[in-house]
Amino acid sequence: MASRSRNQGKSFTSAREVAERAGVSRSAVSRTFTDGASVSAATRHKVLTAAEELGYHVNHLARGLIRESSGIVCLIVADANTPNHAKMLETLTRHLQAVNKVAMVINTAGDHERVERAVRQTLHYRADATVVLSGTPPASLIDTCINNGQRVILINRDEYKKGPAIVMVDNQRAAREAFLMFRRAGCEKFAVVSSSAGTPSLTGRETAFVAAAKEAGFDVSVVRHGPTAYVSGSEAAHMLLSRAERPTAVFCVTDLLALGFMDAARHTFALDIPNELCVVGFDDIPEAGWDSYRLTTFRQPVEEIAEWVVGAIDGKQQGAAAQSTVLSAEPVWRQSVRPR
């Protein structure tokens, strides 16, 4: 304990100090902390004991600079507080840690200049890759990473045709399926509720639903209002349900919008869901399954996305799959749509 107290106030204990304490060479310390390196059991014990006494930790960053692999993966995310992005972050970090990667999260909700500085800092740390979650991180941040030769992986962002690897959810197929759900329930007046974010995934869902309805001979009312949040869904409900011609089926491009919409429809307009109004969401956030909502929705394949991302970082993807892939969002039937 005395040796620990002497080191209080120091930023780091060096490998040289561990070698001196253990009575071994500096290279013996390095071999002890290198997987697969040759070192005797006695030497290993002396080094580990000295390291424990001194509070020594290996500088993996310095090692990464030598072997050109830091083990760091930068995750760029907007709207990190939303349930879907929070779930995606949790899943990605869990999968990355399982393969000994360290996640560095950059929240783009802050000042743009500071965010840009943070991204450049990951380049100084030689991050193995940057993963950009769906949402609104500015394209300039992605360009910064690509232009510096970094491996970039985009989730649900298809505005780049070359450069980054891209994993997409089949938003178009799911949106068309949502329209068919409503038709099977006998609905004939349709609306889409989105936000003003205008992200590729949200826009793709809206566009595909409208196209499917028009092909079947139906018009669709579209409301794009506010951030992608619960309150925006509630306010959209007031806009749509105050009209003389109310929709009987509403596709909300995220579950969070759908929950706000449903609460306003029930409590302000006293509508019965699903008998008077059918609602479908997208994401399958935990709250969608709560008894107060029982929302019919589409489940984001979060685990599959995380597995693909890790494979792309480690170079396990082969051929065309190494550059892009499209995964299905499976329907989850609950009680916000009348029985088929």
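The side chains of Asp 314 and Lys 101 meet in a salt bridge, 3.8 Å from N to O. The model is predicted.

Q: How many residues apart are Asp 314 and Lys 101?
A: Asp 314 sits in the loop between α13 and β11 (324–327). Lys 101 sits in the loop between α6 and β2 (102–107). The pair therefore links distant parts of the chain, and the separation is 213 residues.

Q: Which helices are tied together by the salt bridge of Glu 303 and Arg 94?
A: The closest N and O atoms of Glu 303 and Arg 94 are 2.8 Å apart. Their positions are 209 residues apart in sequence, so the pair ties together separate parts of the chain. Glu 303 belongs to residues 302–313 and Arg 94 to residues 83–98, which are helices α13 and α6.

Q: Which residue is linked with Arg 94 and Glu 303 in a network of salt bridges?
A: Arg 94 and Glu 303 form a salt bridge. Each has a relative accessible area of 36%, Glu 303 being partly exposed and Arg 94 likewise partly exposed. The network that holds these two residues also includes Glu 90.

Q: How many of the twelve residues of α13 are buried?
A: The buried residues include Val 302, Ile 305, Trp 308 and Ile 313. They pack against several elements, among them β1 (72–77), α6 and β11. Helix α13 is largely enclosed by the rest of the structure, because its buried residues number nine.

Q: What distance separates the end C-alpha atoms of α13?
A: The helix has twelve residues, and at 1.5 Å a residue it should span 16 Å.

Q: Which residue with a positive phi follows α13?
A: The phi of this residue is near 75°. The residue is Gly 315.

Q: How many residues apart in sequence are Glu 53 and Arg 21?
A: The side chains of Glu 53 and Arg 21 meet in a salt bridge of 2.8 Å, N to O. Glu 53 lies in helix α4 (residues 41–54) and Arg 21 in helix α2 (residues 15–22). The pair thus ties together parts whose separation in residues is 32.

Q: How many salt bridges does the structure hold?
A: Side chains of opposite charge can pair when their charged atoms come close. The number of salt bridges in the structure is twelve.

Definitions and conventions. Residues are numbered from 1 along each chain as its sequence is written. This is a predicted model: local features need pLDDT of at least 70, side-chain atom pairs count only at pLDDT 80 or more; totals for chains, interfaces and linings use all residues. Side-chain values use heavy atoms; hydrogens and water are left out. A salt bridge is a side-chain nitrogen of Lys or Arg within 4 Å of a carboxyl oxygen of Asp or Glu. Helices (H or I, at least four residues) and strands (E, at least two) are DSSP runs, numbered from the N terminus. Buried means under 20% relative accessible area, exposed over 50%, partly exposed in between (1.4 Å probe, protein chains only). The expected span of a helix is 1.5 Å times one less than its number of residues. Contact means heavy atoms within 4.5 Å.
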